[in-house]
Structures are given as C-alpha cells and as structure tokens.
Amino acid sequence: MGRIIAIDLGTKRTGIAVTDMLKITANPLETVDTKILLTYLENYFAKEEVDTIVVGHPKSLDGTDTQMTQPAINLKGRLANKYPDKKVVLVDERFTSKMAMQSMITMGSKKKDRKEKAGNLDKVSAAIILQTYLDQL
C-alpha cells in the first residue's frame with residue numbers, strides 16, 4: 001500500500017507533502033526548486049511506494065484561473081503520462097497559503113522565522129492540500 005504525495009507548485013519553489021503509510025495524516029516533506037521537481041519526484045518514487053499524486057489546483061477567489069492554473073494542469077498531465085501506474089488528481093488550493101501561514105503562527109513560529117523560511121510555507125501549504133484530499137475520500 002503506497003503513500004499519497006501532494007505538490008504545491010510555485011514558479012520558483014514547490015512544496016511537497018506526503019501521507020503516512022496508512023494514509024491517515026498529511027505531513028510536510030520538502031520544499032524543492034521547481035526546476036528540479038521532476039527529478040526529485042523520480043528519486044522519491046524510486047525509494048518510496050506512492051499510489052496517488054495530488055497537484056494543487058490554483059484558482060482565484062471567484063473561481064477564475066490564476067497565472068499558475070495552467071502550469072499546474074500541465075504538470076498533472078506530465079505526471080499522468082510519466083507515471084501511468086499512479087492516480088494523478090487536481091485539488092482546489094484556494095486559501096492554502098493563508099491557512100499555512102495561520103498554522104505556522106499558531107504553532108509559535110516567529111515573524112522573522114516565517115520570513116526567513118519561506119520554504120516552510122510551501123510544504124505546509126502542500127500538507128493542507130493533501131489533507132483536503134484526504135478529507136474528501
């Protein structure tokens with residue numbers, strides 16, 4: 001039984017989160033340079049069994065596309081073609097960045113740390129996207 005991995009695609013950085021083996025909890029995993037995302041995933045899939053890939057689907061508040069909507073859709077297609085044995089789905093990611101920031105504040109992260117560690121925000125956002133998917137199951 002494989003894990004579920006989630007991707008919060010960004011222009012520069014991409015947040016990644018993964019479930020535990022039982023697919024119960026969503027955990028922030030890593031923030032990687034978007035340029036090396038596909039290589040990172042290939043290496044990860046060689047080490048860990050993954051059944052499903054969840055890609056954050058960016059939309060504006062009114063449901064219209066953002067500048068990242070098409071890149072996310074393109075990524076979904078590329079992953080589905082490259083990994084036909086894995087389920088690849090899009091999940092609405094509206095509000096995830098705000099929720100991630102609030103989560104970091106709640107956990108006691110200082111303002112200075114949040115600014116210095118922007119990568120934390122990306123992987124926490126990916127975990128929220130993943131938790132959204134798990135809640136829908």
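**Packing and strand pairing**

A: Ile5 touches Ile16, Ala17, Val18, Leu41, Tyr44, Phe45, Val50, Thr52, Ile53 and Val54, not counting residues up to four places away in sequence; contact means heavy atoms within 4.5 Å. This is a predicted model, in which local features need pLDDT of at least 70 and side-chain atom pairs count only at pLDDT 80 or more, while totals for chains, interfaces and linings use all residues. Residues are numbered from 1 along each chain as its sequence is written, and side-chain values use heavy atoms, with hydrogens and water left out.

Q: How many residues does the largest nonpolar core have?
A: The largest nonpolar core has 20 residues, and those with the most contacts inside it are Ile5, Leu37, Leu41, Phe45, Ile53 and Leu79. A nonpolar core is a set of buried Ala, Val, Leu, Ile, Met, Phe, Trp, Tyr and Cys residues joined through side-chain atoms within 4.5 Å. Buried means under 20% relative accessible area, exposed over 50% and partly exposed in between (1.4 Å probe, protein chains only).

Q: Which element gives the most to this core?
A: Helix 1 does, with 5 residues. Helices (H or I, at least four residues) and strands (E, at least two) are DSSP runs, numbered from the N terminus.

Q: Which residues of helix 1 are buried?
A: They are Leu37, Tyr40, Leu41, Tyr44 and Phe45. Seen down the axis of helix 1, these buried residues fall within an arc of 130°, so they line one face of the helix; the arc is that of the directions from the helix axis to the C-beta atoms.

Q: And what is on the face turned away from the buried side of helix 1?
A: That face carries the exposed residues Ala46 and Lys47.

Q: What covers the buried residues of helix 1?
A: The cover includes strand 1, strand 2, strand 3 (26-33), strand 4 and helix 2.

Q: In which sense does strand 1 pair with strand 4?
A: The two pair in the parallel sense over 5 bridges; strands pair if DSSP finds at least two bridges between them. Thr52 in strand 4 is the bridge partner of Ile4.

Q: What about strand 2 and strand 1?
A: Those strands run antiparallel, joined by 4 bridges, and form a hairpin with 4 residues between them.
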